[in-house]
Amino acid sequence: MSLKNVRLEVMQHLEKDVESLIQKYLIPVEQIWQPTDFLPNSEGDNFFEEVKEIRELSKELPYDFWVVLVGDMITEEALPTYESWLMDVEGVNQVERNPWGKWVRHWTSEENRHGDVLNKYLYLSGRVNMKEIEKTTQHLIADGFDIGTDRDPYKNFIYTSFQELATYVSHNRVAKLAKEKGNKSLFKMCNIIAGDEMRHHHAYSEFVERIFEVDPNQMMMAFQTMMKQKITMPAHFLRESGNQIGTAFEEFSNTAQRIGVYTSADYIDILEKLIKRWEIGNIKNLSDDAEKARDYLMKLPDRMKRLADRMKIPENSYQFKWVEPATLK
């Protein structure tokens, strides 16, 4: 049987449990928070006073903070790309609306609130160039992405397990920075977004655990493949208006690293957490190729730490069109 057919068979085997996993990890629409819970009430008498408070508190936040917050928001706004990618994964059937397709749609609907609330906050803050941000968002959706997973569910679930934890780290750190500057409302927004990301991380990690139980050899090699080629961030094609694909991403990443929102050390830490969570060192009866893959994975964090120790965080003089210094004075 081909690898493709084995993947499909495993996905069909796990399909019976997806409904219970939806109930375990996703929250019904009527119960979950919505962006308006954290934003000024446009129907209320105090709307303009609440907007004024946002604008005043926003003055306390520095340039690099705004760059990272904008980059995080744009990444969240590119959900149409992520949903369409996952809908094409082997075993996810959109036409017949199977349980895997239901998971992707419901997961997307939860994630959609993140970009929504941050977009509205940025607009009300008066501290950023919304038109340039909107152009970047449209570019990112139009350009799509290639995260190196093809239609392989094993690789895609490795990716989402990693990426959901990475977005938790980023939103959580931004929340803490906002709190340090006395911006309680922005802290609450980013903190609750981080909570969603952690919940989704646990879901995708459980998908991987269940695949390890029925196909440990191929799951191990998929894990190795993804780490060899490195986990690319979903916004790696990020660009500003008038620029080429990917030109803004490196500068955005430098900014995030410089202010400690998401660093190379975090990347390594996430890898170590996944190795521990999936008990990679304890999986039995692996094939020779899978044993070699496990050996590579077990040694990888220390290798990466040695490289990270030699890395220098660049001093970033890049001027983003999203955040113009004149608006921060």
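Mentor: Let's start with helix 13, whose buried residues pack against helix 10 (216-229) and helix 12 (264-277). This is a predicted model, where local features need pLDDT of at least 70 and side-chain atom pairs count only at pLDDT 80 or more, while totals for chains, interfaces and linings use all residues. Residues are numbered from 1 along each chain as its sequence is written, and side-chain values use heavy atoms, with hydrogens and water left out.

Trainee: Which residue in helix 13 has a kink, and what is the angle?

Mentor: Leucine 300, with about 40 degrees, shortly before proline 301. The bend is the angle between axes fitted to the seven residues ending at a residue and the seven starting there.

Trainee: Why is glutamate 197 called buried?

Mentor: Buried means under 20% relative accessible area, exposed over 50%, and partly exposed in between, using a 1.4 Å probe and protein chains only. Glutamate 197 has 1%, so it is called buried.

Trainee: Which residues is glutamate 197 in contact with?

Mentor: Contact means heavy atoms within 4.5 Å. Leaving aside neighbours within four places in sequence, the partners of glutamate 197 include Glu111, Glu164 and His171.

Trainee: What does the UniProt annotation "binding site" cover?

Mentor: The unreviewed entry lists Glu111, Glu164, Glu197 and His200. They span 90 residues in sequence, yet no two of their C-alpha atoms are more than 10.6 Å apart, so they gather at one spot. Such annotations may be inferred rather than shown by experiment.

Note on methods:
Helices (H or I, at least four residues) and strands (E, at least two) are DSSP runs, numbered from the N terminus.
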